[in-house]
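This report is meant for a reader who is meeting the structure shown below, and it should be read alongside the sequence.

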Amino acid sequence: MFEEIKQTAAWIREQTSGFQPEAGIILGTGLGDFAEQIDARFSLDYKQIPGFPVSTVEGHKGRMIFGLLEGRRVVAMQGRFHFYEGYSMQQVTFPVRVMQQLGIRVLFVSNASGGINTSFRVGDLMVITDHINLMPNPLIGPNLAELGPRFPDMHNCYDKGLIARATAIAEQEGIKLQYGVYVGGTGPTFETQVEYRYFKAIGGDAAGMSTVPEVIVARHMSIPVFGVSVITNCGLSDEIGDHEDVQLQGKKAGVKMQLLFRRMIKEL
Ligand code: HPA
């Protein structure tokens, strides 16, 4: 697998004239508009990239954008691979391995999620302070010892320094932030009401179907991570989840997220 990662990274380097991103950004459901903020130099559709699976879900454009944001070199993934689409965990996390090979030193992740904390409202932005993994672990299998240890530590999984910086920026910009624990399940079903209660009981604040695999793989390689969830529905209310609504709420709250990510990247 390491060979495949290196080959894909080498192919990308060739296509992008050796562009070396400093930061990687993964844009979740409804949050792909962020890519428009980037002064794009190169754009590669996932389907062009050797070794990459193809994204199948609506609202995910499926491309990697290389360019400048606030003078920093970034690579943004517009759309990600989900376990529920049928990809293996190795496929889901392959792009993170490739971004590390390309040189990223920090990873920004975003997603749409269902609020479990009853003080959260639709459209809130939650800074992820920790996660609970209810999916298969992406590191199961032979360890890629060149990239990280067999038993990676998961303390400070979401970088405390970056969280503190986000707090300071949010105060300056007048952005309201929530903080909490992201519970990653496989999906594709939204949770039953009892499952939302269960997630709350075990310490969760928001439920989603992504992010955790990519974060685990980034931490395996010691890459600092900053993550935010856009709260698109409230799990413990009586409303039902709806993919269109998730995308719409994502777009609205995405504006706040864009400002936050932009400023954080500027201050890297
Ligand atoms: N549960 C899981 N994933 C989600 C949700 C949810 O309620 N909302 C958006 N993504």
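What follows describes a helix, a surface patch and the cysteines.

The model is a predicted one, in which local features need pLDDT of at least 70 and side-chain atom pairs count only at pLDDT 80 or more, while totals for chains, interfaces and linings use all residues. Residues are numbered from 1 along each chain as its sequence is written, and side-chain values use heavy atoms, leaving out hydrogens and water.

Helix 5 (residues 212–220) is mostly covered, with 9 of its 9 residues buried, where buried means under 20% relative accessible area, exposed over 50%, and partly exposed in between (1.4 Å probe, protein chains only). Helices (H or I, at least four residues) and strands (E, at least two) are DSSP runs, numbered from the N terminus. Among the buried residues of helix 5 are Val-212, Glu-214, Arg-219 and His-220, and the buried residues of this helix pack against elements including helix 2 (89–102), strand 5 (106–115) and strand 9 (225–234), contact being heavy atoms within 4.5 Å. Just after helix 5, Ser-222 has a positive phi of about 65°.

On the surface, Leu-134, Tyr-198 and Ile-202 form a nonpolar patch with about 260 Å² of accessible area together. Tyr-198 belongs to helix 4 (residues 193–201).

The table lists relative accessible areas for individual residues.

| Residue | Relative accessible area | Class |
|---|---|---|
| Tyr-198 | 44% | partly exposed |
| Cys-157 | 3% | buried |
| Cys-234 | 19% | buried |

A search of the whole structure finds 0 disulfides, a disulfide being a pair of cysteine sulfur atoms within 2.5 Å.

Notes: Patches are made of residues with over 30% relative accessible area and no salt bridge: like charges are joined within 9 Å, nonpolar side chains (Val, Leu, Ile, Met, Phe, Trp, Tyr) within 5 Å. Accessible areas come from the Shrake-Rupley method with a 1.4 Å probe; for residues, only the protein chains shown count as cover. A salt bridge is a side-chain nitrogen of Lys or Arg within 4 Å of a carboxyl oxygen of Asp or Glu.
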